[in-house]
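Please consider the following note alongside the sequence and the coordinates. It sets out points for discussion.

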Amino acid sequence: MSRTSSLSGLALPAAALVLVLSVGVAVTIGPADLALPEVGRSLATHLGVDGFLGLEPLSALRDGMVWQLRMPRILTAAAVGAGLALCGAVMQSLTRNPLADPYLLGLSSGASLGAVLVLLAGVPLLLPVAAFAGAVGALALALALAGALGAITPTRTVLAGLAISQLCAAAVSFVIFWSAKGDAFREVLSWLMGSVASATWTSVAIAGGAVLVLGTLLALTGSVLDAFTFGDTAAAALGVPVNRARWVLLIGVALLTGALVSQSGSIGFVGLILPHAVRLFTGARHRLLLPLSALAGASFLVWADTLARTIFEPRELPVGIVTAAIGAPVFAFLLWKGNRR
Amino acid sequence: MGEGAPTEQVPSTQRAGLAARRVSWEIDGRLILDGVAVLTPAGAVTGLLGPNGSGKSTLLRVLAGVQAAGRAVSPSGATSAAAEQSAAAPSATGPSASPASVSVSPTETTFGGADLGAMPRRERARVLALVEQDATTDLPLSVLDAVLLGRIPHRSLLAGDSDADRAAAHAALEAAGAKELADREVGTLSGGERQRVHMARALAQQPRLLLLDEPTNHLDIAAQLQAMRVLRDLAADGVTVVAALHDLNLAASTCDHLVLLDHGRVVAAGPVDDVLVPAVLEPVYGVRLDVLPHPRTGRPVLAFEQG
């Protein structure tokens, strides 16, 4: 359809531009004022093109602010937002459940639990692996519980996911309090509500790398997800190996969620609301929906995090509070819409 | 295309249509299909008849290779004990032989002489299409996009819609009588309109074998006749059509060939006039019936009475 192709021609570059501008502008916002050109100068210095462009480096203090404090945090937010939105879109299509999202189905809390346990055991290198194991475990438990309750309906799956999610969250709190050092409350909050406040360039590498590799692979599965539109039988009749596709994609989602949550804690609702918002423009087909959800999710979380760190300055909110404030009403609306049928 | 006169079509059994033998299927230990054999002429409309629970839907899905629940078993004719024995017995042909390949009589499904079971999925999806009952979606999907889904088996999984795909989708909409629905959203369609869209989606697959599960269910009489008209046109274009039908009179007026199922077994198969007779139908449906000639077409019309 020409509508779709002209949209896809413009929508992706536009969304990418919005993301780049969002990151640039978000870096300038904070307790100490920075200007956009200063961000550019710092970037040029670190990319080694400052001399070539005739730009002067920033003072060490201001450069540190851009490059060591704000940039890693904002880029981590962008990567996590992109990945979560993508995971949400894939899960919604694969389970044909408009309420599916890594947070609501318990993957995020499971990943948090895995991450916290490994941190406690003192092997931070295993962080993403443990978070992945936690995410897979939580998803398997949620689906098993939903199945044990009867036919796997969307609402039942979410209820089972919430139960697992609460259990994992309680376990996270318990583990942290048990091992409490000084700042247990803050730590519990940052795992359960999500936070990118302590993000470093390592976080950027892990979250960003996961999104680039796994996210790209997931974004290429549009045709397979399209085939699931009318259910499993229809997908099979279109030549899709239904069970294999479902497991490969769910494991991809769990891997990505694990990598993201290991760096940001469990941030809710990004995976739920972004795909729905993007579908209003793209329709239900995935070729455009998946990359556009990722780009929109990245910009969304950059701004949500900017709001979280500035709205009550100098106090900082966990970013999950901001996403929940926006996401919970959307969730309620989707429930209401689903129940009317 | 001939004006609703399927008798003009000579269903030639020489031309190989769909041929299935020894189709047996078990769900939760219950035998749903018991050694079913189906032979449908190519380029004709075959009606699959039978009371509720006779196995029509399962048979269609097994033929399409998409039945998810249950498993293929040996027909009960070759007693299950014997099948188990042969499965359990150490195979002389080597450890790689699976129980299925050891069993006495594996299912065989061919179309036009090609083995459907051995065909790669995507290739099979280019040969045969399935129209399910009441498939729907909660997602905002335009009718054209829904029909374009039928192009998935025909292109690389990484490719978008090509102009050829769009042309095929529009042609399918036209053939299914759903041209004017192209820009509507699937969620807003009536039952009859949605059925036409599913038909168009199946036609966009450009199948040579079309399987339909009660394509006239929940449709008003005009929509029923319209749907059957589409099937007749397809058959005239050489597509082999197999449709599970509830309404015996609809089958009488539009099918070339009938297969009657009861309790998972074929109890009758053949041309319409051979199957739609009281001696065959009365024991299966438990009703009394009279067969009259249609005053204008001469095709059989059935009148029922409680048995």
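The numbered points below treat the chains, their contact and selected elements.

1. Basis of the note. This is a predicted model, in which local features need pLDDT of at least 70 and side-chain atom pairs count only at pLDDT 80 or more, while totals for chains, interfaces and linings use all residues. Residues are numbered from 1 along each chain as its sequence is written, and chains are lettered from A and ligands numbered from 1 in the order in which they are written.

2. Chain B overall. Chain B contains 11 helices and 13 strands (DSSP runs numbered from the N terminus: H or I of at least four residues for helices, E of at least two for strands). Of its 307 residues, 43% are buried (20 or more other C-beta atoms within 10 Å of the residue's own, C-beta atoms being placed from the backbone). Among contacts in chain B with a separation of 6 or more, 67% join residues 24 or more positions apart (contact: C-beta atoms, placed from the backbone, within 7 Å).

3. The open sheet. Six strands of chain B form an open sheet with mixed pairing, in the order S7-S8-S9-S3-S10-S11 (strands pair if DSSP finds at least two bridges between them). S7 and S11 (265–271) of chain B are the edge strands, each pairing on one side only. From one strand to the next the twist averages 15° (axes are lines fitted to C-alpha atoms, for helices over the stretch in contact; angles run from 0 to 180 degrees between N-to-C directions). Within the sheet, S3 (residues 45–49) and S10 (residues 257–262) of chain B are parallel, with 4 bridges; B:Leu48 has B:Val259 as its bridge partner in S10(B).

4. Helices on the sheet. H1(B) lies across S3, S7, S8, S9 and S10 of chain B, at about 150° to S8(B). H7 (residues 191–204) of chain B lies across S7 and S8 of chain B, at about 170° to S7(B).

5. The hairpin. Antiparallel strands S12 (residues 287–293) and S13 (residues 300–306) of chain B are joined by 7 bridges. B:Asp290 is partnered by B:Ala303 in S13(B). The hairpin has 6 residues between its strands, and B:Gly298 in the turn has a positive phi of about 80°.

6. The contact between chains. In chain B, 26 residues are in contact with 23 residues of chain A. On the chain B side, H1 (56–64), H4 (121–127), S7 (128–131) and H5 (143–148) each supply at least two residues. H4(B) gives the largest share, 4 residues.

Definitions and conventions: Contact = placed C-beta atoms within 7 Å. Buried ≥ 20, exposed ≤ 12 C-beta atoms within 10 Å, placed from the backbone.
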